[in-house]
Amino acid sequence: MGKLWEGRFSKALDTQADDFNSSIHFDSRMFKQDIQGSMAHAAMLAAKGIIGKQDAETIIAELGVILEDIQSGSLPIDYSAEDIHMFVEAELTKRIGDTGKKLHTARSRNDQVAVDIRLYLKDEAAQIIALLKTLLDAILHQAKLHKTTIMPGYTHLQRAQPITFAHHLLAYGMMFTRDICRIQDAVKRMNYSPLGSCALAGTTYNTDRYMTAEALGFDGITLNSIDGVSDRDFCVELLSAYATVMMHLSRFSEEVILWASWEFKFVELDDSYTTGSSIMPQKKNPDIAELVRGKTGRVYGDLVAMLTVLKGLPLAYNKDMQEDKEAIFDAIDTVKQCLTVFPPMLKTLKALPENMLRAAQKGFINATDLADYLTKKGIPFRTAYKLVGQIVAYCVANDTVLEQIPLSQYKSFHELFEEDVFEAISLRRCVESRISAGGTNPDSIEKQIAYIEEFI
């Protein structure tokens, strides 16, 4: 395929250099957005009298046919083309002749690719948000099943205080709601059209950039044409948001992996989301969660790659910016892949409440409540804290737990202990007494569930 820019040159581009220069192998995925942008541009050119109305109608109609042909597979993309823009324009010209050559009036590939990638990233962001909502639905499913399932809450990976399994899961729910908001915020800032900025300085034609912006669903236009073609902040922002999504998925995966181990055995993963060993027949490996955890580094790398590409670029467009697509496309593909397998893995997960409760009982995680019991009877908290530490040491030395110490033994530590101490340190009571907003109390859990349901 001939180059649209070849008039200036007397020699063809070296074959290896041509392949190195080409971007169609990865930017071809933007064919829909490229055609949408071209349709809007052609309509504007006609509306402003820059090209004839009949020419615009012919161009728009044939672009629609080309789009259908690519989508159906009847028109395979020619990877000898330099990029998707040249492929579409060459195919259009082949079909309708010189009329097709009028399409690129008052436009450059610089603003063309800038609008294409914004349109594409908007479409992909909507899909990722939908997948995140599916994940939130899976979290809510498990949370509703386990609003009263007691488990140990951890700090420093040491058993700390009693919580419910729902409370722990909903913490991740809050993370993913914020992730959705971050993506939406990035899309909002991205939603301005660069089309009409041309190469960098604008055009001598009396175009209407606002018309094309509205036609393509943008909130307005980029106000500086140099910035319009050279800005890739939105790629950085979206990559940062997607890296944060992966960070949250990785943390969640780490806990699932721990919970599914024999050392914890808080959950059992469905066979559909585990694998076995080639040599050890007893193994049930949490490979899906491990892969999600591992792929997080890949998306981090995409973010760093994007920042590194942009860090030394002078204005306006530079060929380095072609590297933006492989990074952002890889991140999108990875995030979507992970968000496709993680929700059903979570939804089919089986919690083991007896094991969670047993771990909670053996972790002395009601020790804070025992100290609060004494404080409410008038003992200063630090004094109560030290006294409870001595009682825990007694339990460890005598292989018992706080709930099983007889009242007479409690009284040997302090006379203020009464029969009501056993109610105060009941794990169920410990959970129910956490009445502060956002805590593990059942009423608070209901409010957290309602918040996420409304958010979705």
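Colleague: Is Lys377 buried, exposed or partly exposed?

Modeller: Lys377 is partly exposed, with a relative accessible area of 31%. Bear in mind that this is a predicted model.

Colleague: Where does Lys377 sit?

Modeller: In the loop between helix H14 (367-375) and helix H15 (381-397).

Colleague: And which residues is Lys377 in contact with, leaving aside neighbours within four places in sequence?

Modeller: Leu416, Glu418 and Asp420. Take Leu416: 39 residues separate Lys377 from Leu416 in sequence, and their C-alpha atoms are 7.3 Å apart in space.

Colleague: Switching to H13. Which residues are buried there?

Modeller: Met356, Ala359 and Ala360 are buried in H13. They span an arc of only 100 degrees around the axis, so they are on the same side of H13.

Colleague: What's exposed on the other side of H13?

Modeller: Glu354 and Lys362 are exposed there.

Colleague: So what covers the buried residues of H13?

Modeller: The cover includes strand S1 (150-155), strand S2 (158-164), H7, strand S5 (267-268), strand S6 (350-351) and helix H18 (427-432).

Colleague: OK, the core. How many residues are in the largest nonpolar one?

Modeller: The largest nonpolar core has 71 residues. Those with the most contacts inside it are Leu121, Ile183, Tyr242, Leu249, Phe252 and Ile328.

Colleague: Which helix gives the largest share of this core?

Modeller: H10 does, with 15 residues. Among the elements giving two or more residues are helix H6 (109-145), helix H10 (233-260) and helix H12 (323-347).

Colleague: You mentioned Leu121. What is Leu121 in contact with, again leaving aside neighbours within four places in sequence?

Modeller: Met190, Phe234, Cys235, Leu238, Ile328 and Ile332. Apart from this core lies another, of 23 residues, among them Ala42, Leu75, Ala81 and Phe87.

Colleague: Last topic: at what angle do H3 and H4 pack?

Modeller: Helix H3 (residues 31-47) and helix H4 (residues 53-72) pack at about 170 degrees, with their axes 9 Å apart. That angle makes H3 roughly antiparallel to H4.

How values were computed: Residues are numbered from 1 along each chain as its sequence is written. This is a predicted model: local features need pLDDT of at least 70, side-chain atom pairs count only at pLDDT 80 or more; totals for chains, interfaces and linings use all residues. Side-chain values use heavy atoms; hydrogens and water are left out. Axes are lines fitted to C-alpha atoms, for helices over the stretch in contact, and angles run from 0 to 180 degrees between N-to-C directions. Helices (H or I, at least four residues) and strands (E, at least two) are DSSP runs, numbered from the N terminus. Angles under 35 degrees count as roughly parallel, over 145 as roughly antiparallel, 65 to 115 as roughly perpendicular and the rest as oblique. A nonpolar core is a set of buried Ala, Val, Leu, Ile, Met, Phe, Trp, Tyr and Cys residues joined through side-chain atoms within 4.5 Å. Buried means under 20% relative accessible area, exposed over 50%, partly exposed in between (1.4 Å probe, protein chains only). Contact means heavy atoms within 4.5 Å. The arc is that of the directions from the helix axis to the C-beta atoms.
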